[in-house]
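Dear colleague,

My notes on it follow directly after.

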Amino acid sequence: MGDCALTNESLVADLAGANFGDPRRSARLVNIAAKVAQAPSAPLPAALGTDAEVQGAYRLMNNPAVSFEGILAPHAGATA
């Protein structure tokens, strides 16, 4: 179980390097990832806990400045 926690912490730390043109977007991504990492099998509303967090996650995912590639890039860079 400890190895999984370390992996989750590493992934969350990697995501902090995401650049979406506004540091608040990167901070929200890190927050979402940290909460989902604590309960990876939970539905998003249960993992995030509040309606405000869920709405913020949906806003982030629907933002044109945010892409799958942009989310993955800092993790891929840290892995390489």
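For the charges, Lys and Arg count as positive and Asp and Glu as negative, while His and the chain ends are left out of the count. On that basis the protein chain carries 5 positive and 7 negative side chains. The centres of these two sets lie 12 Å apart. Please bear in mind throughout that this is a predicted model.

Overall fold

The protein chain contains five helices and zero strands. Read from the N terminus, the order of elements is α-α-α-α-α. Its radius of gyration is 13 Å, close to the 12 Å that the globule rule gives for 80 residues, so the chain is as compact as a globular protein of that length. The C-alpha trace spans about 30 × 30 × 15 Å along its principal axes.

Of the contacts between residues at least 6 apart in sequence, 47% join residues that are at least 24 apart. Buried residues account for 25% of the 80 residues in the chain.

The nonpolar core

Which residues make up the largest nonpolar core? This core consists of twelve residues: V12, L15, A18, F20, L29, I32, A33, L48, V54, A57, L60 and V66. The elements that contribute two or more residues to this core are α1 (2-15), α2 (23-38) and α4 (51-62).

L29 deserves a separate remark. With residues up to four places away in sequence set aside, L29 touches L15, A18, F20, L60 and I71.

L11 is located in helix α1. Its relative accessibility is 33%, and L11 therefore counts as partly exposed, since that class covers values between the 20% limit for buried and the 50% limit for exposed. Although L11 and P74 are 63 residues apart in sequence, their C-alpha atoms are 9.3 Å apart in space.

L72 belongs to helix α5 and, at 38% relative accessibility, is likewise classed as partly exposed.

Where A73 and A27 are concerned, the two positions are 46 residues apart along the chain, and their C-alpha atoms are separated by 16 Å.

With kind regards

Technical notes. Residues numbered from 1 in each chain as written. Predicted model: local features only at pLDDT ≥ 70, side-chain atom pairs only at ≥ 80, totals over all residues. Heavy atoms only, no water. Core = buried A, V, L, I, M, F, W, Y, C linked by side-chain atoms within 4.5 Å. Buried < 20%, exposed > 50% of the residue type's maximum accessible area, 1.4 Å probe, protein only. Helix = DSSP H or I, 4+ residues; strand = E, 2+ residues; numbered from the N terminus. Contact = heavy atoms within 4.5 Å. Rg over C-alpha atoms; globule rule 2.2 N^0.38 Å. Charge placed at Lys NZ, Arg CZ, Asp CG, Glu CD.
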